[in-house]
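Q: Hi! Could you walk me through this one with me?

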Amino acid sequence: MNRHKALLTLALLGRLLAGFASLFLLARTLGPADYGVVATVFAYAAIVALLTDFGFPVTLLRDIGAQPEKAGEFLAAGLRVKTLLAAMASFILLGVLTTLRLDAPLFWASICVYLAVMAASYGDLALIALRGLGRYDREVVLVWSGTILFAAILLAAAWSAPALLPMALALLIARLVQTGLAFAGVRNMLTLRFRGPILPHLRSSASMAADTFLTALSGQVDVILVSLLLGLEAIGLYQLGARIASYALLPSQVLAGVYTPALSALHFARKPEAAALEGRMRLEFPLGGLLFGGAVAGLMPFIAPWLFGPAFALPIWAWLGFGTFVFARFATGALGIALVARRMIRARLLGQSLGLAFLCAAMVVLLPSFGMAIAPWLAAATTALTAAVYAVALLIANASGRRGESHWSEAGALAVRPSPPAGAP
């Protein structure tokens, strides 16, 4: 497991470098207002991308970890569902953008950012399949190769054409290159048959899709509300802090990528070692939150203005809020993984729903009075509320001596469904 953590850490460092390159080049090149445009479109696109994923990033990691011999089937099913939903969502989005009567550069820049986010979400599915198979070594090679090309494309655009539309187009091209590399990396390992049923997989992943959508919405609705209530410059500043916080959360993805398939396999086989592994996980996640949340709160008030320019100077208490948010998300991650491994999806849905309702209400009431700086504190409070629901659900399950499958819905548990009929992937 330690080797897997080390390899996944290298892969996520590559993602961190790619994300930081885009943040640095876009923010420095465009300034708060134009970067606010990119951030707003990105927030909406991220919701659409995660909605069209339909829960498969989580179910792939869990189900491939439990049944690796069916990795190709699971990945192909996820791609079929995602492509159908993405086509429908893109048609609707095009209609919405047309009705807004945007000027041509802003219209096409919005299209490019949207397509870049969608392309990246396809590549993530391929890399998640490799992770579920334990091929972290191949993921490292693919991620770093893509990161180098990604940074080179954006740097060339920033140097030659530092404007909104050229930078958005460069972002799209760079994401397409990364996605192409990801699928090239799985082509020789998995057999992907794209013709097959869609409706059974829509039904089987419905509850996890709802969970994923609520997670995505709670992670982006703050950006949308700040944009609507405070304007593009405020969202440009807020998105800078949110992106830094998301990079600080990348180590939690290292832990999640290792623990989710391992813990899912133990619960799937009903092995007693699951309890010890959960205990270790609940220790490592909060410690990581203290380390990386503390780094955000203690260092970024001094580093951010120097790195991104004085226009991006956030109040110190806003950075303290982002640091608190990072810690809360780390701690909640351990509880959420335990629920996924036990297939206790209803508990996750309840926690996400309550958290989302609280976040929307609190931001609408408090943002106009307290400004952008209170937003990360509200996000942290939302995460704490969700964590409380998760903890209560796990305490009830542990007290009853049950593992989750017997008393929580199995909708979304693709691994325990019968194999698809002949002709399916």
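Q: What should I keep in mind about the model and its numbering before we start?
A: This is a predicted model, so local features need pLDDT of at least 70, side-chain atom pairs count only at pLDDT 80 or more, and totals for chains, interfaces and linings use all residues. Residues are numbered from 1 along each chain as its sequence is written, and side-chain values use heavy atoms, with hydrogens and water left out.

Q: Okay, how many helices and strands are in the protein?
A: There are 14 helices and zero strands. Both are DSSP runs numbered from the N terminus, with helices being H or I of at least four residues and strands being E of at least two.

Q: And how much of the protein is buried?
A: 55% of its 425 residues count as buried. Buried means under 20% relative accessible area, exposed means over 50%, and partly exposed is in between, using a 1.4 Å probe and protein chains only.

Q: How do H2 and H10 pack?
A: Their axes are 8 Å apart and meet at an angle of about 50°, which makes H2 oblique to H10. Angles under 35 degrees count as roughly parallel, over 145 as roughly antiparallel, 65 to 115 as roughly perpendicular, and the rest as oblique. The axes are lines fitted to C-alpha atoms, for helices over the stretch in contact, and angles run from 0 to 180 degrees between N-to-C directions. H10 covers residues 250-268.

Q: Is the crossing left-handed or right-handed where H2 passes H10?
A: H2 passes H10 in a right-handed crossing. A crossing is right-handed if the near helix is turned clockwise from the far one by less than a right angle, and left-handed if anticlockwise.

Q: Switching to rings, how many aromatic pairs does the structure hold?
A: It holds nine aromatic pairs. One of them is stacked: the rings of Phe20 and Phe24 have centres 6.3 Å apart and planes at 15°. Rings of Phe, Tyr and Trp (its six-membered ring) pair if their centres lie within 6.5 Å; planes under 30 degrees apart count as stacked, over 60 as edge-to-face and the rest as tilted.

Q: Where do Phe20 and Phe24 lie?
A: Both are in helix H1, residues 2-53, four residues apart, about one turn of the helix. Phe20 is partly exposed at 27% relative accessibility, and Phe24 is partly exposed at 28%. Together with Phe308 they form one aromatic cluster.

Q: What about Phe292 and Phe330?
A: That pair is stacked too, with ring centres 6.0 Å apart and planes at 5°. It links distant parts of the chain, with Phe292 in helix H11 (residues 273-308) and Phe330 in helix H12 (residues 316-342), 38 residues apart. Phe330 is buried at 0% relative accessible area, while Phe292 is partly exposed at 30%.

Q: Which charged end sits over the ring of Tyr122?
A: That of Lys82, 5.2 Å from the ring centre. The charged end of Arg243 sits over the ring of Phe42, 6.0 Å from its centre. The rule asks for NZ of Lys or CZ of Arg within 6 Å of the ring centre and within 35 degrees of the ring normal.

Q: Last one: how many disulfides?
A: The count comes to zero, where a disulfide is a pair of cysteine sulfur atoms within 2.5 Å. Cys112 is buried at 8% relative accessibility, and Cys360 is partly exposed at 27%.
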